[in-house]
Amino acid sequence: SSGINAEYTMFLLIILVLSFLHPLLLAGYGVDVPHGHVECGDQFCYLTCDGGWVNNGSYRIPVEEDDWQQLACVEPATLIIAGYSTKPDPDTSGRIDSVEVYANSSLVEHSVPSLPLTRSYHTATTVGGTVYLTGGQVNDYDEDGNVIRGVYTKTCLKWDFGSDQWTYTADLSFARWWHSAAEWQN
């Protein structure tokens with residue numbers, strides 16, 4: 001029994017020493033990842049991607065986090081978000097809620113959730129790893145559930161990669177449509 005306790009104590013001591021030395025072992029160390037390279041300095045690990053690939057929204061983490069595996073180079077893609085369909089569903093008046101992912105000129109099998117409502121005339125932009133969708137026009141329904149008209153909206157939605165749904169965020173100050181949006185660094 002004392003032999004087992006001594007082995008267990010030694011194991012815990014090794015784990016403790018390694019966890020203390022981990023940041024020191026990583027500093028100045030580089031490792032290849034698919035389609036890129038992670039290089040760690042004194043304070044941060046940085047991701048550099050090969051040509052034609054982009055980071056997954058994370059390009060830098062503190063050395064102490066021991067989470068450099070979350071850094072990844074991904075194939076650039078485009079989200080096609082809602083709008084009007086050429087084959088309208090009679091219940092939606094042509095507006096759709098689907099989201100599709102395109103890369104290398106073809107549809108990619110990624111699961112991006114549909115919007116909570118059909119929407120057209122909106123705009124979207126990506127800030128960091130979050131996609132923001134603003135304004136546009138949504139359907140207005142009568143008490144029987146029939147579309148009676150489109151209504152311009154000031155609502156905003158956001159979606160983070162891997163999330164299972166779009167969520168509402170702060171509204172615009174007033175309804176807008178056919179507008180633009182862009183990331184702004186303050």
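Which strand does Ala 82 lie in? Ala 82 belongs to strand E7 (residues 78-84), where strands (E, at least two residues) and helices (H or I, at least four) are DSSP runs numbered from the N terminus. This is a predicted model, in which local features need pLDDT of at least 70 and side-chain atom pairs count only at pLDDT 80 or more, while totals for chains, interfaces and linings use all residues. Residues are numbered from 1 along each chain as its sequence is written, and side-chain values use heavy atoms, with hydrogens and water left out.

**Sheet and hairpin**

- Four strands make an open sheet in the order E1-E2-E3-E5, with antiparallel pairing; two strands pair if DSSP finds at least two bridges between them.
- Strand E1 (30-33) and strand E5 (60-62) stand at the edges with a single partner strand each, so one side of each has no neighbour in the sheet.
- From one strand to the next, the twist averages 20 degrees; axes here are lines fitted to C-alpha atoms, for helices over the stretch in contact, and angles run from 0 to 180 degrees between N-to-C directions.
- E1 and strand E2 (residues 36-40) run antiparallel and are joined by four bridges, and Val 33 has Gly 36 in E2 as its bridge partner.
- Elsewhere, strand E12 (residues 137-141) and strand E13 (residues 147-152) also run antiparallel, joined by five bridges.
- Gln 137 stands opposite Tyr 152 in E13.
- The hairpin of E12 and E13 has five residues between the strands, and Gly 145 there takes a positive phi near 90 degrees.

**Salt bridge**

- How many salt bridges does a search of the whole structure find? The search finds one, taking a salt bridge as a side-chain nitrogen of Lys or Arg within 4 Å of a carboxyl oxygen of Asp or Glu.
- Asp 140 and Arg 149 form a salt bridge, with their closest N and O atoms 2.8 Å apart.
- Arg 149 has a relative accessible area of 47%, so Arg 149 is partly exposed; buried means under 20%, exposed over 50% and partly exposed in between (1.4 Å probe, protein chains only).

**Aromatic rings**

- There are four aromatic pairs, counted when rings of Phe, Tyr and Trp (its six-membered ring) have centres within 6.5 Å, with planes under 30 degrees apart called stacked, over 60 edge-to-face and the rest tilted.
- Tyr 121 and Trp 178 are edge-to-face because their ring centres are 5.0 Å apart and their planes stand at 90 degrees.
- This pair links distant parts of the chain, 57 residues apart: Tyr 121 is in the loop between E9 and strand E10 (123-127), and Trp 178 is in the segment after strand E15 (167-169).
- Tyr 121 is partly exposed at 27% relative accessible area, whereas Trp 178 is exposed at 64%.
- One aromatic cluster is formed by Tyr 84, Tyr 121 and Trp 178.

**Backbone angles**

- Most residues other than glycine have a negative phi.
- Ala 82, which is not a glycine, has a positive phi near 50 degrees, and its relative accessibility of 13% makes it buried.
- Trp 178 is not a glycine either, yet has a positive phi of about 50 degrees.

**Nonpolar surface patch**

- Ile 80, Tyr 102 and Leu 107 make a nonpolar surface patch of about 250 Å².
- Patches are made of residues with over 30% relative accessible area and no salt bridge, joining like charges within 9 Å and nonpolar side chains (Val, Leu, Ile, Met, Phe, Trp, Tyr) within 5 Å.
- Leu 107 is found in strand E9 (residues 106-108) and is partly exposed, with 46% relative accessible area.

Note on methods. Accessible areas come from the Shrake-Rupley method with a 1.4 Å probe; for residues, only the protein chains shown count as cover.
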